[in-house]
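This briefing concerns the model shown below.

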Amino acid sequence: MIIVLVGSPFSGKTTVLKKLQENNIKVFHADSFVRKIYTKDHEGYFLIKKYFGDQFVNEKEVDRKKLGLFVTKDKEQLQKLNEIIHPVIKNYLENKDNYVAELPIISSSPIRFKYDKLILIKADKKEIIKRAKDNKAYYPFIEEMINKWDNLSVKFDYVIDTTNNIKNKDIEYIKNLFKK
């Protein structure tokens with residue numbers, strides 16, 4: 001069983017993953033994985049340097065903030081980033097089973113991740129903006145990123161709303177999927 005969680009930045013995906021991990025469920029956090037492969041001498045670092053140039057890397061790692069600002073302003077560049085990084089994620093996950101993965105948006109991915117259930121993690125737009133500001137990670141395009149989720153035409157197997165908190169029933173739903 002492979003369960004994929006998707007949602008906008010600051011929707012609560014990482015918090016849901018932590019709660020699942022506390023319940024002894026194997027999890028994969030894409031941001032942590034990408035952070036690791038973006039360090040010098042790792043595949044992601046070399047790919048970013050090769051396809052985007054030296055201005056997006058330093059002596060230690062990929063400059064994620066600079067790269068993020070660049071690709072969110074240009075859909076073609078974002079697609080290019082997805083085309084080079086998503087296969088690295090997919091290759092890592094292949095042949096793994098019984099986990100919950102927080103992954104990049106499924107519909108914009110140039111590859112197809114294999115999964116059994118797709119769960120949307122969402123929160124009220126005002127709450128997401130508040131979380132971003134509280135984390136000092138608010139950036140001008142966060143609202144545009146949130147709006148993309150409102151117009152997504154993907155069928156989800158389940159939706160978890162984290163606006164106020166994560167409900168025990170939502171964690172139990174996922175735990176029960178592994179018991180079937």
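Is aspartate 41 buried or exposed? In this predicted model, aspartate 41 is exposed, because its relative accessible area of 59% is over the 50% cut-off for that class. The points below place this residue in context and then turn to the sheet and the cores.

**Loop residues with positive phi**

- Aspartate 41 lies in the loop that connects α2 (30-37) with α3 (43-52).
- The phi angle of aspartate 41 is near 75 degrees, a positive value in a residue other than glycine.
- Asparagine 95 also has a positive phi, near 70 degrees, and is likewise a residue other than glycine.
- The loop that holds asparagine 95 runs between α5 (75-93) and β3 (99-102).
- With a relative accessible area of 83%, asparagine 95 is exposed.

**The sheet and its packing helix**

- Five strands form an open sheet in the order β2-β3-β1-β4-β5, and their pairing is parallel.
- At the edges stand β2 (27-29) and β5 (158-161); each has a single partner strand, so one side of each is left without a neighbour in the sheet.
- From one strand to the next, the twist averages 20 degrees.
- The parallel strands β1 and β4 are joined by four bridges.
- Isoleucine 3 has lysine 117, in β4, as its bridge partner.
- Helix α1 (residues 13-22) packs on the sheet, where it touches β1, β2, β3 and β4.
- The direction of α1 makes about 155 degrees with that of β2.

**Nonpolar cores**

- In soluble globular proteins, nonpolar side chains tend to be buried together.
- The largest nonpolar core has 31 residues, of which Phe28, Tyr38, Ile48, Leu67, Ile85 and Ile89 touch the most other members.
- Two or more residues of this core come from each of β1 (2-6), α2, α3, α4 (64-72), α5, β3 and β4 (117-122).
- Helix α5 supplies the largest share of this core, namely six residues.
- A second, separate core contains 15 residues, among them Leu5, Leu17, Ile121 and Ile166.
- Which residues does isoleucine 85 touch, not counting residues up to four places away in sequence? The contacts of isoleucine 85 are Val34, Tyr38, Gly44, Leu47 and Ile48.
- Two of these contacts, Tyr38 and Ile48, are named with Ile85 among the core residues that touch the most other members.

Methods
Residues are numbered from 1 along each chain as its sequence is written. This is a predicted model: local features need pLDDT of at least 70, side-chain atom pairs count only at pLDDT 80 or more; totals for chains, interfaces and linings use all residues. Side-chain values use heavy atoms; hydrogens and water are left out. Buried means under 20% relative accessible area, exposed over 50%, partly exposed in between (1.4 Å probe, protein chains only). A nonpolar core is a set of buried Ala, Val, Leu, Ile, Met, Phe, Trp, Tyr and Cys residues joined through side-chain atoms within 4.5 Å. Contact means heavy atoms within 4.5 Å. Two strands pair if DSSP finds at least two bridges between them. Axes are lines fitted to C-alpha atoms, for helices over the stretch in contact, and angles run from 0 to 180 degrees between N-to-C directions.
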